[in-house]
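Subject: Structure handover

Hello,

Here is the structure I promised to pass on. Please open it first, then read the notes below.

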Amino acid sequence: MAERSAAARRSGTAVLVLVFAFLYVPIAVLVALSFNEGGLPTVWSGFSTRWYVSLASNQDILSAALNTLVVAVASTAIATLLGTLLAIGIEMRRRRGTVLEALVFAPMIIPDIVLAVALLSFFSMLDVTMGLHTIVLAHVVFNLAFVCAVVRARLKSFDWSITEASADLGASALTTFRRVTLPVILPAVIAGALLAFTLSVDEFIIAFFTAGAGRSSTTLPMQIYSMIRFGITPEINALATIVMAVSVIALAISQRLNRGMVGQ
Amino acid sequence: MTGGVLDIEGVTKNFGRLTAVDDVSLSIRENEFFALLGPSGCGKTTLLRMLAGFEMPSGGKILLDGADVSRVPPNRRPVNLMFQSYALFPHMSVRANIAYGLEMERRPSAEIRSRVDEMLATTQLAALADRKPDQLSGGQKQRVALARALVKRPRVLLLDEPLGALDKKLRGEMQIELKRLQDEVGITFIVVTHDQEEALVMADRMAVLRDGRLLQCDTPHEVYERPADAFVAGFIGVMNFCAGSAVAEGVRASDGSLVAGTLPQGIAAGAPALAAVRPERIVLFPAAGAANRTSGTVEALAYHGLDLQVHVRTPLADKPFLVRMTADAADSRSIRTGDTVEIGWSAADTRIFKS
């Protein structure tokens, strides 16, 4: 018995290692190659940061990075504000039914490509000139749903009587929000914002459809996609590594904030 | 019914088709310790929330110092509520929690500091001033909630089941403590409670509610001694009931024997009625002159330290009579389960209600 279970445990561990290898070896290779002196994907010719340096002098990439930053910051700011208010509104009158809830979650579930085509048709129907601003609006659509979901999770355990206590002690609705509600749910709001930021930074399909013509509204994922058509360069590896590092750090902070709240 | 610090005039509250509070009128006096008492669902909390401003009455008026405040939002009423859950701000220290209400009044910071310090001293919280609520015990949280409401010196302090979350021993201490505090600060207290003992101990006057209606409003002594109806009689303290029909000299029990007592006005002879007597008014082995006497069998004995409760099965009622006697008195007569005993009480101790 004991022997067989030890064997089972060993094979279980092997499967686990394989799964994680499948998930992370490609990423590890990419990160490693971004530091490869030679630039050939098949030969390791020594550690170097030259691709990162050359990245910094590539005007196309720099402007795409700036665009991505603008889109991510703007859409995160708008989505965080609206998503938080929406979450509070829904939780305050939860008994009113679930149609509203389903509507809020729809953008999380609808395939990106559907959302992308829908937004493209919508913007052209309205005859809006597309550019960074339309990408921002498009990203707000799904980011809103994610921020709302994170904040609502926190509000499930929120003691609403403290908002009544605040009113009872003489605070207006706005003061109550500023001094009581917001500070208590702030970790969830920041976690939601960081999640929205990472989603926006690497979003490709929707941005691609709503960017309009011209290079001026190219975001990083779009830039990488266009570069890759001429083959993978070590610069792309370096760029991908940076994007990944930013995303991972933001997600890690977001999760830590979420976990910290459980203790409260 | 006007002229109190708080006058409730014919207040009704409907939630859809449900009437939570039904035409309640009360006048609460300055510096009074007033209790709203009733079983859960009787509308006492809804009434309290209307006094605080969290619910608007569907009908009637709430007057504070003679001015109609029925539609004034909670943040503009000189009335504060101590929440049943305490509702302390979890992200603020004890000191910040207490200072919050004064900050909302935009008091100068020097005044806020001195008033908060004073309140911390009054409620014996000075040593805990920098703690967060989750570092406090239940009793400490209760004191912070109290201090936070009291520091604003409201005209009326509302307390929703203030001792509900405390264990029994602490509850006893806090009943006395609340009473002392109320005396010290000189503020009108209105306490909502479902615990009749709590109301009897703390209140100057109490109102008993049931199904949204006010049944009786009087001092604890009057409510206990002269309950308005059979429900109040059974809800406040313990009462022995005996069903029958009203006759001129009392109630004729179903077995044909008479329970002597004074028939109150409003009950016609022949109407179904309930005779009632408190356990402590019944004596075992009554003297020959007792107006009411019956014999029965001892069904159970319950020793409570100070007193002994004897359950006596009699032909008068379906339920055994509860007789309360001091343990000393019980010692002199050894009573055992199964014994046949005589019980009796005077006609003046009989209360008669409509059934």
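A definition before the findings: axes are lines fitted to C-alpha atoms, for helices over the stretch in contact, and angles run from 0 to 180 degrees between N-to-C directions. Helices (H or I, at least four residues) and strands (E, at least two) are DSSP runs, numbered from the N terminus.

This is a predicted model: local features need pLDDT of at least 70, side-chain atom pairs count only at pLDDT 80 or more, and totals for chains, interfaces and linings use all residues. Residues are numbered from 1 along each chain as its sequence is written, while chains are lettered from A and ligands numbered from 1 in the order in which they are written.

Helix α7 of chain A

Start with α7(A), residues 161–168. Seven of its eight residues are buried (20 or more other C-beta atoms within 10 Å of a residue's own; 12 or fewer is exposed, in between is partly exposed; C-beta atoms are placed from the backbone). So α7(A) is largely enclosed by the rest of the structure. The buried residues are I162(A), T163(A), E164(A), A165(A), S166(A), A167(A) and D168(A). They pack against α8 (173–201) of chain A, and also against α1 (44–52) and β6 (79–82) of chain B. Just after the helix, G170(A) has a positive phi of about 110 degrees.

How do α7(A) and α8(A) cross? Their axes come within 10 Å and cross at roughly 140 degrees. On the α7(A) side, the contact (C-beta atoms, placed from the backbone, within 7 Å) uses I162(A), T163(A), S166(A) and A167(A). On the α8(A) side it uses T176(A), V180(A) and T181(A). Three of these residues are nonpolar, four polar and none charged (Ala, Val, Leu, Ile, Met, Phe, Trp, Tyr, Cys and Pro are nonpolar; Asp, Glu, Lys and Arg charged; the others, Gly among them, polar).

Where the chains meet

Chain B gives 17 residues to the contact and chain A gives 15. On the chain B side, β6 and α2 (94–104) each give two or more residues. The largest share, three residues, comes from α2(B). That side divides into ten nonpolar, five polar and two charged residues.

Chain B overall

Chain B has nine helices and 20 strands. Of its 355 residues, 41% count as buried. Its C-alpha trace spans about 75 × 45 × 30 Å along the principal axes.

Best wishes

Methods: Two residues are in contact if their C-beta atoms, placed from the backbone, lie within 7 Å.
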